[in-house]
Amino acid sequence: MTETIILFLLALMILGSLIALESKDILSSVIAMGAVGFMLSAIFLILRAPDIAMVQVVIEILTLIILIRATISRDVHTVTDTRDFLPLALNMVLLFVFFIIAAEAIRNMPDFGTGLSKVAGHYLNRGLNDTGSANIVTSVILDYRAYDTLGEATVLFAALIGAITILRRKAKND
Amino acid sequence: MTENNSVSGGMSELVKTVCVAVEEFIFVFGCYLVIYGHLSPGGGFAGGVILAAVFILIMLAFGKERILKIMPRKRAAFIESLGALLFLAVAWAELYISGIFFRNFIPSSAAGHFKLMSGGTILIYNIAIALKVMAGLFLVFFVLSITRVILEGDKLKMVKKQ
């Protein structure tokens, strides 16, 4: 039953992506991408990952706001050019190769919901006693894997400094 | 989009009233997600994004001047740096106290499970990340929305929005 719902949502996500690709209006494309993100968060919720579903929802809302604000006040023009034949054919060939490799990889994957790795089992069994955090996700990202979180914080910091620097200098020169 | 809806001008009276009614609740929910992030779903990142969304909501509804009174750009940059430094400072303190970088020095069984302090330093990490993400995402939205790209000749140019 779970797998059926997930497959249905995945089909809807592909549909939303196609609408976003083929839509002539850029605002409709942004909204279609937002719908895709909300379906992804619904999938996370069905897979019993409430933490990641919550992050997905709030980030999706924020990205939608930023994208709509960015697109709505600019001179939006529609693109009507058709693609050249050669890049399109190359794309199709590469997609076909990728599909064959991915199909082979997916066939060798363990069954849905099984195949718990060794370290994941350790976290699940010992996480509460080791760290005292009832939320296993938090115990992993802030205790077992705190270095990763430090790296993520550094990436966010560097990205912010870059954005502020680039946008400020151009605006000041004007 | 009329000129009335631009960032500097703010939105209609209806939007402002609804914003005043809901902003405190969203803020409190964000704080709840941060503080109880180690006991229930949530955490520093999700809570921080919701806290940033409160400031973005105020900015969209009331305009740029109102948000600059609450959270000037300097203060946002200060909070962002404070979060990053708090995160590192706790990690260094753990190095000095327990000898290992990122080792939780507050014994987890001291307060018992499912209590607010049962995670030890995880709570402080969550708060640091929330401060960082809140100020950082607000700053990103701010600098992105006060500049706009215009096409001048054949090259793009960024100017400040009036």
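Tutor: α1(B) and α2(B) cross in a left-handed sense. The model is predicted. The axes of the two helices come within 8 Å, and the crossing angle is roughly 165°. An angle over 145 degrees counts as roughly antiparallel, so α1(B) is roughly antiparallel to α2(B). By class, 18 nonpolar, four polar and two charged residues make up the contact of α1(B) with α2(B).

Now the surroundings. The largest nonpolar core has 45 residues. B:Ile67, B:Met71, B:Phe87, B:Phe102, B:Tyr125 and B:Phe138 touch the most other members. At least two residues of this core come from each of α1, α2, α4 and α5 of chain B, and from each of α3 and α7 of chain A. α5(B) gives the largest share, 14 residues. Take B:Phe87. Among its contacts beyond four places in sequence are A:Leu142, A:Ala146, A:Thr149 and A:Leu150 of chain A. A second, separate core has six residues, including A:Leu9, A:Met13, A:Met39 and A:Ile43.

The axes of α1(A) and α2(A) come within 8 Å and cross at roughly 165°. These two helices are therefore roughly antiparallel. Their crossing is left-handed. A:Leu9 and A:Met13 are among the α1(A) residues in this contact, and A:Met39 and A:Ile43 are among those from α2(A). By class, the contact of α1(A) with α2(A) has 16 nonpolar, four polar and no charged residues.

Technical notes: Residues are numbered from 1 along each chain as its sequence is written. Chains are lettered from A and ligands numbered from 1 in the order in which they are written. This is a predicted model: local features need pLDDT of at least 70, side-chain atom pairs count only at pLDDT 80 or more; totals for chains, interfaces and linings use all residues. Side-chain values use heavy atoms; hydrogens and water are left out. A nonpolar core is a set of buried Ala, Val, Leu, Ile, Met, Phe, Trp, Tyr and Cys residues joined through side-chain atoms within 4.5 Å. Buried means under 20% relative accessible area, exposed over 50%, partly exposed in between (1.4 Å probe, protein chains only). Helices (H or I, at least four residues) and strands (E, at least two) are DSSP runs, numbered from the N terminus. Contact means heavy atoms within 4.5 Å. Axes are lines fitted to C-alpha atoms, for helices over the stretch in contact, and angles run from 0 to 180 degrees between N-to-C directions. Angles under 35 degrees count as roughly parallel, over 145 as roughly antiparallel, 65 to 115 as roughly perpendicular and the rest as oblique. A crossing is left-handed if the near helix is turned anticlockwise from the far one by less than a right angle, and right-handed if clockwise. Ala, Val, Leu, Ile, Met, Phe, Trp, Tyr, Cys and Pro count as nonpolar, Asp, Glu, Lys and Arg as charged, and the others, Gly among them, as polar.
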